[in-house]
Amino acid sequence: MGLRTDTRATRNIPCEGTIGSRFPSQANYPVTNFLFLFLALQLTHYLSPTMSLFNGIRPFYPHDRTSFIFAITLLVVILVFLVFTLTLFIILPGIRGKGRVYSFCRIILSLFVGVIIVVVNFTGDWEVGFARVTTIYKAFSNETITAKVGLHIGLAGINVTLRGIPENQLNETIDYNENFLWRFTLNYDEQYNNGLNRGLPHPILYVAEKFQSKSPCLIHDQYRFSGHYATAMMWVAFCAWIVTNILFSMSTIVYGGYMALVTSAFMIFGVISFATVQNVSPCIIQFGPATLKTNFSGSFWLTLATALLCFILGVIVIVMDHCIPEKLRTFFMLNGEEDDDNEMNNGLINHTFTDEYGNALHLKNIKNGFENKDFVVYT
């Protein structure tokens with residue numbers, strides 16, 4: 001048996017670094033490593049932003065700021081109530097007679113009150129102020145801009161806006177909208193420090209600094225606790241509103257009127273809780289000759305108006321229950337016998353029938369036949 005020679009050992013294998021080599025040279029390693037690192041960063045960014053490098057930010061691309069459009073929470077609340085309203089319009093044609101109009105008025109008023117109670121918990125315009133200022137744009141810089149600064153105060157925090165006049169200044173689009181919240185699970189000071197680290201414009205940081213817990217203005221605690229108490233009162237009012245609707249659908253209508261007064265009372269308590277911020281000394285927000293001052297705005301007055309509406313409706317229900325309870329029961333569609341009589345008067349009545357022997361029977365020969373609704377046929 002002859003010995004076999006491995007011919008692979010005698011092959012001419014080119015050395016690393018030479019032309020035609022099957023392996024990359026040492027000079028190509030940095031480029032390859034850079035490509036692998038770039039692909040790994042992109043992959044980890046899309047798979048899990050919280051586990052990626054640079055805190056989920058793509059370091060190789062410019063970061064364009066997106067302007068504020070609409071609060072997601074507000075959008076969800078409004079869509080939910082729009083679904084209820086759409087359902088009302090779908091079932092409304094199935095209600096007969098005047099009950100259709102009565103049902104429409106009741107449900108629209110109820111949905112209006114309910115959506116106001118819920119929405120104002122998430123709005124940021126309980127207190128609003130604007131000022132046109134000329135100020136420095138960034139800290140430690142002498143570049144100035146002309147802009148409109150807005151301060152929106154809600155139950156959960158503040159919202160500071162900055163819009164340039166015109167928007168394009170210093171080769172940049174100046175249109176900022178920043179939130180700083182003080183809810184139970186959020187720390188306002190941490191959010192302010194994050195704004196410092198992000199390099200927000202000086203006017204936004206200057207306004208936000210006034211609401212810090214360690215600010216000399218001493219308004220942070222007052223606004224924070226007032227917002228918490230007002231939120232609690234509004235959610236209690238929402239629960240009372242639900243009980244009111246349940247009682248209005250039962251025979252005890254007058255108790256629904258009492259609960260409407262309770263709903264109004266808690267809404268007024270919420271308004272008063274927020275209004276206590278006026279007890280503290282006003283904090284001056286000065287931009288040169290311009291001063292940013294705030295006043296009660298949309299959500300505050302809308303909540304107060306809705307509370308007064310609930311109070312008026314509750315009083316009307318209680319008075320009608322004592323004076324004209326029949327009309328009240330008709331409005332709430334709880335007087336079914338009268339509805340049947342009205343429908344009967346609009347129907348076609350057959351006055352003649354035949355018995356099993358073919359003899360004609362007439363309603364006039366039957367005692368109280370029409371009053372007892374005997375032999376009535378709808379066609």
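## Cysteines, fold and largest pocket

Cysteine 217 is partly exposed, at a relative accessible area of 22%; buried means under 20%, exposed over 50%, and partly exposed in between, with a 1.4 Å probe and protein chains only. The model is predicted, so local features need pLDDT of at least 70 and side-chain atom pairs pLDDT 80 or more, while totals for chains, interfaces and linings use all residues. Residues are numbered from 1 along each chain as its sequence is written, and side-chain values use heavy atoms, without hydrogens and water.

| Residue | Relative accessible area | Class |
|---|---|---|
| Cysteine 217 | 22% | partly exposed |
| Cysteine 283 | 19% | buried |
| Cysteine 105 | 34% | partly exposed |
| Cysteine 310 | 7% | buried |

The structure contains one disulfide, a pair of cysteine sulfur atoms within 2.5 Å. Its partners are cysteine 217 and cysteine 283, with an S to S distance of 2.0 Å. This bond links distant parts of the chain, 66 residues apart: cysteine 217 lies in the loop between α5 (202-209) and α6, and cysteine 283 in the loop between α7 and β5 (285-287).

The chain as a whole has ten helices and nine strands, taken as DSSP runs (helices H or I, at least four residues; strands E, at least two) numbered from the N terminus. Of its 379 residues, 33% are buried. Contacts (heavy atoms within 4.5 Å) between residues at least 6 apart in sequence join residues at least 24 apart in 61% of cases. The chain exposes about 24500 Å², of which carbon and sulfur atoms supply 62%; the area comes from the Shrake-Rupley method with a 1.4 Å probe.

The largest pocket holds about 720 Å³ of space. Of the 27 residues lining this pocket, Arg106, Ile107, Ser110, Asn245 and Phe248 are the closest to its centre. Two or more lining residues come from each of α2 (72-91), α3 (99-119), α6 (220-248), α7 (253-275), α8 (298-323) and α9 (325-331). The most come from α3, which gives six. By type, the lining has 20 nonpolar residues, six polar and one charged; Ala, Val, Leu, Ile, Met, Phe, Trp, Tyr, Cys and Pro count as nonpolar, Asp, Glu, Lys and Arg as charged, and the others, Gly among them, as polar. A pocket is an open set of points on a 1 Å grid over the protein atoms alone where a 1.4 Å probe fits, with protein on both sides within 12 Å along at least five of seven lines, and lining residues have an atom within 4 Å of a point. The volume is the space filled by probe spheres set on the points.
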